[in-house]
Each structure stands twice: as structure tokens, then as C-alpha cells.
Amino acid sequence: MSYVDDVLARVQEKNASEPEFLQAAEEVLESLRPVIEANEEKYRREALLERLCEPDRQFKFRVPWVDDKGQVQVNTGYRVQFNNSIGPYKGGIRLHPSVNIGIIKFLGFEQIFKNSLTGLPIGGGKGGSDFDPKGKSDREVMAFCQSFMTELCKYIGADVDVPAGDIGTGAREIGYMFGQFKRIRGSYEGVLTGKGLSYGGSLARTEATGYGLVYITEELLKDHGTDLKGKTVVVSGAGNVAIYAIQKAQQLGAKVVTCSDSTGWIYDPEGIDVDLLKEVKEVKRARLTEYKAKRPSAEYHEGRGVWQIKCDVALPCATQNELLLDDAKQLVANGVTAVCEGANMPTTLDATKYLQDNGVLFICGKASNAGGVATSALEMSQNSERLSWTFEEVDAKLQGIMKNIYHNISEAAKRYGMEGNYVAGANIAGFEKVADAMLAQGIC
Ligand code: NDP
């Protein structure tokens with residue numbers, strides 16, 4: 001059996017109850033085949049893939065907190081420190097009822113390659129909890145965050161592990177967690193990113209993932225002789241990534257006609273009104289029905305459905321496995337040219353293959369949404385030098401990073417005879433740097 005098949009079989013056996021992690025491991029290992037085959041004997045002897053697929057360590061802990069009625073609630077917290085070969089662990093904290101160890105492991109695994117692709121010195125990690133911030137008062141969210149950090153603070157630090165935001169964790173949650181870290185550890189350090197601007201946050205971090213997604217999409221299109229100007233774009237999600245992807249795509253002359261949340265979706269043929277969307281989602285934390293109520297041109301539909309809208313470019317920005325094979329077929333039938341992932345693993349493996357087989361330009365999240373973590377690493381740099389850069393400085397660095405990522409993944413795919421396969425290119429380019437570092441550091 002080939003080394004890749006051997007490891008895949010063992011990973012499947014050991015992690016049978018973690019489908020998302022298996023999906024991510026399969027996607028990465030499959031596309032690394034040519035690289036592994038070229039070094040098969042050495043990598044097998046060094047057990048490189050086994051080490052890559054096993055987290056350095058993972059923590060699971062109880063998070064008790066008191067709700068507004070005086071009732072004690074108990075959630076489960078997780079932190080997976082996956083790989084620190086090229087820098088301190090770095091990855092967000094997801095707060096969502098669906099969170100379990102398999103989801104955190106898949107996200108942490110993806111983060112290793114994504115962080116490597118940024119060209120910055122950051123390793124891979126991820127954390128979260130099954131706590132649902134929706135419908136909770138600010139005091140309840142604070143009680144949860146303080147309890148979560150009371151345990152998490154034992155395992156993190158500016159040179160050890162630097163968590164950030166993700167689904168359900170925005171500026172409010174990061175603020176409460178930072179306050180609790182400071183209180184317990186007595187240390188004012190850049191232990192979290194996504195902080196508020198008055199206490200060490202970076203300008204442009206809020207916008208970075210969405211903007212970065214659009215920068216790489218524009219670079220991809222330019223490399224294929226076109227750009228976003230005048231294109232119709234379909235976006236899913238209505239959170240941090242989606243909002244700023246919509247904003248930047250519109251600034252570059254595209255018309256974005258959809259967005260969605262966990263209960264329904266909007267089709268707005270006149271183009272999404274970003275200010276209204278921000279008001280509904282960032283300020284009121286309300287449903288998209290409120291957007292519809294204030295926007296006569298918009299249609300609101302329950303459930304999922306954005307991929308049925310005809311478009312040139314599709315940007316899935318909500319969550320994992322939200323773009324399925326049937327959606328891919330619909331997009332292709334409607335003439336989509338490019339799909340770039342804002343969320344982590346939003347496209348299923350069969351949908352990805354269908355898009356690629358049908359000539360759609362496809363960039364996977366670990367490359368196309370890396371702008372968020374890249375800017376988090378820029379926040380770490382600013383914290384270390386105790387300086388703040390301007391919005392323009394950070395944005396310019398972000399643009400440079402996204403362009404580099406595009407050309408690196410494109411070149412890596414070409415080098416292994418897979419021109420245009422940006423999934424393989426991203427996995428290969430991300431892997432090479434981590435593998436070199438792991439081999440150089442001995443058996444650890
Ligand atoms: P937010 O919590 O800000 O927004 C998530 C959006 O997706 C919301 O509109 C939410 O709906 C919707 N959503 C969440 N879960 C589901 C679900 N199960 N079904 C349908 N819709 C759902 O998160 P972000 O925008 O920060 O993150 C979105 C994606 O991008 C995630 O995959 C995340 O891992 C990834 N990502 C985020 C980065 C960042 O910097 N924020 C960086 C890199 C990747 P509702 O409003 O109803 O909750």
C-alpha cells in the first residue's frame with residue numbers, strides 16, 4: 001500500500017467518529033500524493049504524515065456559568081494545539097452549538113496549512129465551545145467568556161498559542177476573554193487577536209478575511225484575463241467574512257445579490273445594501289427578515305438556496321459543508337466562472353471535484369480566507385513592537401499577502417503538473433514549509 005493510503009487508513013480507523021476531520025485529512029493527503037511519492041521512503045521512515053495528522057495536544061474542559069435567572073449552565077470548551085513547527089499555535093475560537101472535538105480538529109488541521117501559506121511565522125490551532133451566544137444577554141456572554149478563559153488561560157500565551165475570533169466570537173467576546181486573561185495572569189500581552197482598537201487591536205483586522213477573499217479572487221480573475229468589475233456575485237453568510245467580502249466586491253465594481261444566515265437567505269437584484277446589512281447583523285444581531293423589512297427590492301426565503309441564483313462568481317462565507325454537489329451542478333448550469341471559499345471547507349469534496357471537472361476556477365478556504373489570520377499575525381507584530389500601523393499600511397500588506405498566496409499556490413500546482421488545481425497547489429505550498437521545519441526539528 002502507498003504511504004498516503006496507509007496513513008489515510010490509519011487516520012480513518014483512529015478518528016472514525018470525526019467526519020469533518022476525516023474529510024479535511026482526506027482532501028489534504030490526497031492532493032499531497034505527488035509530493036509524498038517523490039519522497040516516500042524518507043517521509044515514511046520519519047512518520048511525517050502520522051505526526052502531521054496527530055495534534056500536539058488537545059484540551060477539553062468544563063465551562064460552568066450562571067444565566068440571568070440564576071441557573072448554572074454547563075458547556076464544553078476545547079482547544080486543539082495541532083502543530084507549532086513554524087510558530088506559536090494560532091487559530092480562532094468557535095462558539096456554536098454544533099461544536100465538537102471533530103470540528104475543532106478539522107479546523108485546527110486546516111489552520112496548519114493556511115497559516116503556512118501566509119508566509120508568516122504561525123502554527124496551527126483552534127478552539128471553541130458548544131455555547132450559543134445567540135439570544136444571550138451581554139452579561140451572560142461575559143459570564144461564559146470569563147469561565148472559558150479561566151481554564152484556557154493555562155494553555156495560551158503570546159509566544160505559545162494565540163486564539164482569535166471565528167463563528168460566534170467577535171469583538172465583544174474577545175474583549176471579555178482578554179479582560180479575564182489579564183486579570184488571572186496579570187500580564188498585558190498579545191495573547192488574543194481581534195482585540196478592540198483601544199487595547200491592542202489592529203486596524204483592518206475586522207475587514208481582513210472578507211477583503212482578503214476578494215483580493216485573491218480579483219488576482220485569480222486577472223490571471224485569467226478578467227476582473228470583478230460588472231460581475232454578478234453570490235455570497236452566503238451574513239457574518240464577519242460575508243459582510244466585508246460583499247463590501248470589497250462592491251468597491252471593485254461587482255454586484256453582490258445574495259446573503260444568508262442560519263434561517264434564511266436574501267436575494268436582492270439591486271445589490272446588497274451593506275450598511276443596512278451591518279446594521280441588522282452587527283448592531284441589532286437580528287434575523288435577515290429585518291433586512292427585507294427595510295429593503296423593498298429584496299426577497300427573503302426561508303432555508304437555504306443562494307446557489308440557485310445565476311452568477312459569475314460564488315463566495316461561500318457561512319460554514320462548513322454548505323455547498324453540496326447539487327448546488328455545484330446548479331452553479332455550473334448557470335455559468336459560474338469562479339468559486340472562492342470564504343468559510344472553512346464550505347464545499348463538500350464531491351462538489352469541489354464537480355466544479356473543478358467542469359472548468360470552474362476554484363480556490364479553497366485555506367488559501368482564500370487566509371487574510372484573516374495573516375492580519376492577526378500582523379496584529380501580533382504590532383503588539384510585540386508596541387506600535388499601531390495605519391489602516392492603509394495593514395491593508396497594503398494584506399493585499400500583498402493575498403497576491404503572494406495566489407501566485408505561490410498557482411506555481412506549486414504547476415510544479416507538480418496540476419496547473420489550475422489551486423486546491424492541490426494550496427495543500428502542497430502549505431505543506432512544504434511545515435514539512436521542512438518538522439524534519440529540521442527532529443522527532444518531536
Ligand atoms: P460569523 O459568526 O460572523 O458569521 C457566520 C455566518 O454564517 C452567519 O451569517 C451565520 O448565521 C451563518 N451560519 C453559521 N452557522 C451556520 C449553519 N450551520 N448553517 C447556515 N448558516 C450558518 O462567522 P464568520 O463570518 O467569522 O465565519 C464564517 C466562516 O468563515 C467560518 O467557516 C469561519 O471558520 C471562517 N473564517 C472566519 C475568519 C474570520 O476572520 N472571522 C477567518 C477565516 C475563516 P447567523 O447569523 O444565523 O448566525
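Select Gln-382 first: leaving aside neighbours within four places in sequence, Gln-382 is in contact with Ser-202, Leu-387, Ser-388, Trp-389 and Val-394. Contact here means heavy atoms within 4.5 Å. The model is a predicted one, in which local features need pLDDT of at least 70, side-chain atom pairs count only at pLDDT 80 or more, and totals for chains, interfaces and linings use all residues. Residues are numbered from 1 along each chain as its sequence is written, and side-chain values use heavy atoms, with hydrogens and water left out.

**Helix H15**

Gln-382 lies in helix H15. Helices (H or I, at least four residues) and strands (E, at least two) are DSSP runs, numbered from the N terminus. Gln-382 counts as buried because its relative accessibility is 2%. The cut-offs are under 20% relative accessible area for buried and over 50% for exposed, with partly exposed in between (1.4 Å probe, protein chains only).

Stay in the helix and select Glu-379; H15 covers residues 370–385. Is Glu-379 buried or exposed? Glu-379 has a relative accessible area of 0%, so it is buried. Now display the side chains of Glu-379 and Lys-195, which are joined by a polar contact of 2.8 Å. A polar contact is a pair of N or O atoms within 3.5 Å; within protein, one must be able to donate a hydrogen and the other to accept it, and residues adjacent in sequence count only if both atoms are side-chain atoms.

Thr-375 is buried, at a relative accessible area of 0%. Beyond its neighbours within four places in sequence, Thr-375 is in contact with Ser-202, Ala-204, Arg-205, Ala-208, Val-394 and Leu-398. From the C-alpha atom of Thr-375 to that of Leu-228, 147 residues away along the chain, the distance is 23 Å.

**Two positive phi angles**

Go from Thr-375 to its contact Ala-204. Ala-204 sits in the loop between helix H7 (171–185) and H8. Its phi is near 75 degrees, a positive value in a residue other than glycine. Ala-204 is buried, with a relative accessible area of 6%.

Then select Arg-386, in the loop between H15 and helix H16 (391–415). Arg-386 is not a glycine either, yet has a positive phi of about 55 degrees. Which of buried or exposed describes Arg-386? Arg-386 is exposed, because its relative accessible area is 68%.

**The ligand**

Select the ligand and the residues around it: there are 26, and the closest are Asp-166, Thr-209, Ser-262, Arg-287 and Asn-344. By class, the shell has six nonpolar, 12 polar and eight charged residues. In this count Ala, Val, Leu, Ile, Met, Phe, Trp, Tyr, Cys and Pro are nonpolar, Asp, Glu, Lys and Arg are charged, and the others, Gly among them, are polar.

From Ser-262, a side-chain N or O atom is 2.5 Å from a ligand oxygen. At Ala-238, a backbone N or O atom is 2.9 Å from one. At Lys-281, a polar side-chain atom is 3.1 Å from one. Taken alone, the ligand exposes 890 Å², and the protein buries 83% of that; the areas come from the Shrake-Rupley method with a 1.4 Å probe, and for residues only the protein chains shown count as cover. Colour helix H8 (205–223) and helix H9 (240–251), the elements that give two or more residues to the shell.

**Domains**

Colour domain 1 (50–190) and domain 2 (207–363) separately; the bounds come from an automatic or database domain assignment. Why does the ligand lie between the domains? Both domain 1 and domain 2 give residues to the shell around the ligand, so it lies between them. The C-alpha centres of the two domains are 27 Å apart. Across the boundary, 10 residues of domain 1 are in contact with eight residues of domain 2.

**Last stop**

Finish at Thr-352, in helix H13 (residues 349–357). Thr-352 is buried, with 11% relative accessible area. Not counting residues up to four places away in sequence, Thr-352 touches Thr-347, Phe-362 and Val-423.

Terms used: A residue is near a molecule or strand if one of its heavy atoms lies within 4 Å of it.
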